[in-house]
Every structure is written in C-alpha cells, then in structure tokens.
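Here are some notes to read with the structure open beside you. Take them one point at a time, and look for each part as you go.

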Amino acid sequence: MSTIYSYPYTDFAEQSGKITLSTGPVIVNKEGTKVLLHLSETTHQYQFIGGRYDDTLNFRENALTRAQEVIGENKITLSEKDPLILLGEIIREHNEEKIMLVHYLGSIEDEENIGKAQWFTHEEVTILDAENKTSSENVKIATDFFLSK
C-alpha cells in the first residue's frame, strides 16, 4: 500500500516532479446552504475533510475512508453525481507541485455530530478564502460548484 501525498512522478517528456492526489467529499447540509470544513492541524487553514490517496482503494472508497476518520461514527453518503475534479499547481516548501483533487458531493446523517468540523455558508467561505484562511483555491471553487446560492 502507498499513501500518495507529495509523491514523485515522471511525465511523458521524462521531466520529474511531485504530485498530490487527494479525494474527499464536499459535505453539504440538507438545505444545500452550507459546506463542512475542518481546521487542519498541520496548516492551520480550513479545508474539506478527506485527503491523501491510499492506492489500495478506488477514489470513492478513499473519499469515504479518509472522511470517516475526521467525522467518526456519523454516516457519510456520496452522491452518484460525477465528482468535481480539479487539476492545478501549488507551491509546497518553495517547490512547484502538481495536484489533482477529486471532490464528491456528500451528505451526513447527523448534521449536529460533526466532531471538530464546522458548517460554513457560501459567504463565510468567500471571506475565509479572501483572508487566506483556506488550504487552497479548491475550497472556494468547490463551494461555488456544490452550494445553492
């Protein structure tokens, strides 16, 4: 098993670099007005629950497994809709890195039992993003994509 996080790659032109693969749910409340974020213990920025990719699982399984670690016993359900896939580049430790994020629309059974996570409206996510309090641009992009405005 490999946990792919900041993993080395070689492209077709034999150039090397690092890539992050990450899958997870964008959990939206029943009204479709809020997303669930948690404060990363390592970056101290808000992000969706989920994360690093375990290569023994498919993307959907991985999205649920990592998210359950944050939420605990609360049942998470992923929509059958196609995921939002974001590709980009980030700077990590002063080096450029490729990133692929696979976001599934998700919901939870008990919206009060969310562990250390918190609910945020579209407006609140926009403010967090403007103040550089989100882990990356994907938080704002996925919130725009999945939330009813």
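1. Let's begin with confidence: pLDDT is the predictor's confidence in each residue, from 0 to 100. This is a predicted model, in which local features need pLDDT of at least 70, side-chain atom pairs count only at pLDDT 80 or more, and totals for chains, interfaces and linings use all residues. Residues are numbered from 1 along each chain as its sequence is written, and side-chain values use heavy atoms, with hydrogens and water left out.

2. The mean pLDDT of the protein chain is 89, and 95% of its residues reach 70 or more. Helices (H or I, at least four residues) and strands (E, at least two) are DSSP runs, numbered from the N terminus. Among these elements, helix H2 (residues 122-130) has the highest mean pLDDT, 97, while strand E1 (residues 3-4) has the lowest, 58. Where pLDDT is low, the predicted coordinates should not be read in detail.

3. Now find the open sheet of three strands, ordered E5-E4-E10 with antiparallel pairing (two strands pair if DSSP finds at least two bridges between them). E5 and strand E10 (118-121) are at the edges with a single partner strand each, so one side of each has no neighbour in the sheet. Two bridges join E4 and E5, and His 38 stands opposite Gln 47 in E5.

4. Is Asn 62 buried or exposed? Asn 62, in helix H1 (residues 59-71), counts as buried because its relative accessibility is 1%. Leaving aside residues up to four places away in sequence, Asn 62 touches Thr 23, Gly 51, Arg 52, Tyr 53, Asp 54 and Leu 57.

Terms used:
Buried < 20%, exposed > 50% of the residue type's maximum accessible area, 1.4 Å probe, protein only. Contact = heavy atoms within 4.5 Å.
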